[in-house]
Amino acid sequence: MAALALGLAGTAAIVIPSMSAQAETVQVDMNYHCTGGVAGAAGVDLKVTLTLQTALAVGQPLDVRWSLAYRNNTRFLSPGLFQPGARLTATGVVGVTDELWTGELNSVGSKDQVLLQNGGPLELPDLVSGSVSTTEAGVFEVVPRRLLIDFTPPAAETVVNDDDPAVTYVGTDWTDYNDRPAQNKDIHEDVHASDVNGAEASFTFTGTGVDFITEQDYRAGQVRFTVDGKPGIPATADASKDTEGRPVVVANQGNYTLWGMRKLPYGEHTLVVKKTDAKWAMVDGFRVVTEALLDPPKQFRARCEPVKKPTAIRVNIGGGDTPTSPSPDSSPSASPDTSPSGSPSASPSGTPGGNSPSPSPSGTPSTTPSSSPSAAATQSYLTSVVVKGSPSPTATRTVTLTATPTVAQVAVTPQGGAQTGEAPERMAASGPLLLGSGGALLTIGVLSGVALLRRRAAHAGERG
């Protein structure tokens with residue numbers, strides 16, 4: 001049985017006991033095929049190298065590292081034109097199993113991308129696992145599972161002119177005015193305008209927010225906004241009024257942001273602008289906004305699975321100062337070595353077999369299932385994912401299966417004084433000795449009183 005405990009990773013220091021046992025490392029090469037999201041219709045082939053230790057001492061951290069490389073001239077492709085700062089994140093998942101617990105360990109890595117063209121190739125990240133420490137000698141198995149690839153667009157803002165192909169004007173209700181005076185400050189010195197009640201213009205965009213840009217003018221009228229068929233927030237705006245709702249006296253003040261909406265789910269949306277009166281309405285342009293995203297959009301996720309069923313990799317946890325014994329099972333990276341420090345690796349059967357580690361001669365304080373309740377507390381099994389090497393922090397996930405009661409560490413025998421935290425030594429007194437001392441003191445007191453009275457009487461007679 002092997003117990004897993006929370007470890008530390010990233011830039012934090014890992015403090016572990018001094019141990020003579022050396023971790024044995026194995027590398028396993030596998031082929032994965034990815035589909036969906038940034039993998040495109042044809043899919044992407046990857047070569048994956050998994051590196052981990054197969055023999056280590058109790059308390060030593062176990063690292064599961066993934067290395068990725070493209071195969072067969074396939075590539076993950078950018079889903080659009082993006083400024084620098086987009087991110088490709090890979091999450092490798094392995095199953096971890098021992099006699100009492102079954103769970104998963106995630107290895108996460110990411111890579112910031114340069115300027116991306118639509119359909120351009122994406123750079124792969126390296127993966128580094130969180131540290132998982134062992135708390136008890138035993139055996140558990142690691143099985144490679146899925147690999148997830150996520151693409152996160154960067155935070156950005158883009159201004160789109162009124163004559164962009166993404167803007168559609170219904171019917172002949174709109175007129176395109178070009179070569180506008182420079183003092184109007186119109187985007188590209190042009191606008192679309194209409195004085196027809198009910199005239200509509202629609203704009204399709206991809207992001208999390210959008211602004212409507214027009215001319216502020218005392219002759220303008222009210223327009224109504226709907227996003228994906230639902231009323232905008234707010235639903236209407238009037239370019240002839242200021243933000244407080246008071247009429248303005250200016251005319252033809254272009255590049256004016258009249259309305260905006262944020263916090264939309266990242267993806268494609270359609271904004272419809274509709275005139276609600278017979279006054280003028282002008283379309284100068286739109287601003288597309290992508291806010292910083294906490295989670296990658298699901299539509300870009302590619303899921304990768306092993307081409308062949310992976311073999312379980314057996315990990316032996318030895319006693320505190322004793323290296324683990326070699327296993328007869330074959331290892332993907334094994335070489336002829338008869339050294340006692342040889343370690344087990346991939347197990348064709350995927351079962352612990354007879355690879356129980358030998359106990360430490362130095363008396364390691366780790367417990368076994370047969371330990372008495374007074375000598376050891378109930379076991380606590382924890383697993384955690386703490387990302388190393390990632391440009392941004394990743395949340396830690398911890399699963400606690402059983403609680404561990406508090407046990408006293410040191411028994412203190414009272415001997416010292418008050419400053420030592422120990423009770424002072426005490427001696428028993430003799431009963432007869434105490435009674436005799438009290439009687440003597442009483443007799444001396446009575447005799448002293450009688451003498452004092454006689455002296456006072458003698459003085460009184462002399463004065464008479």
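Strands here (E, at least two residues) and helices (H or I, at least four) are DSSP runs, numbered from the N terminus. This is a predicted model, so local features need pLDDT of at least 70 and side-chain atom pairs count only at pLDDT 80 or more, while totals for chains, interfaces and linings use all residues. Residues are numbered from 1 along each chain as its sequence is written, and side-chain values use heavy atoms, with hydrogens and water left out.

**Surface**
- Leu115 sits in the loop between strand E7 (102-112) and strand E8 (128-129).
- With a relative accessible area of 44%, Leu115 counts as partly exposed (buried is under 20%, exposed over 50%, partly exposed in between; 1.4 Å probe, protein chains only).

**Aromatic pairs**
- Searching the whole structure turns up eleven aromatic pairs (rings of Phe, Tyr and Trp, the last by its six-membered ring, with centres within 6.5 Å; planes under 30 degrees apart are stacked, over 60 edge-to-face, the rest tilted).
- Phe82 and Phe151 make a tilted one, at 5.3 Å centre to centre and 55° between the planes.
- That pair links distant parts of the chain, 69 residues apart: Phe82 is in the loop between strand E5 (64-71) and strand E6 (87-97), and Phe151 is in strand E10 (residues 138-152).
- Phe82 is buried at 10% relative accessible area, and Phe151 is buried at 0%.
- Ring pairs also tie Phe203, Phe205, Phe212, Phe225, Trp259 and Phe286 into a cluster.

**Sheet**
- Three strands form an open sheet in the order E13-E14-E21, with antiparallel pairing (strands pair if DSSP finds at least two bridges between them).
- Strand E13 (175-177) and strand E21 (281-283) are at the edges with a single partner strand each, so one side of each has no neighbour in the sheet.
- E13 and strand E14 (residues 191-194) pair over three bridges, and Thr175 has Ala193 in E14 as its bridge partner.
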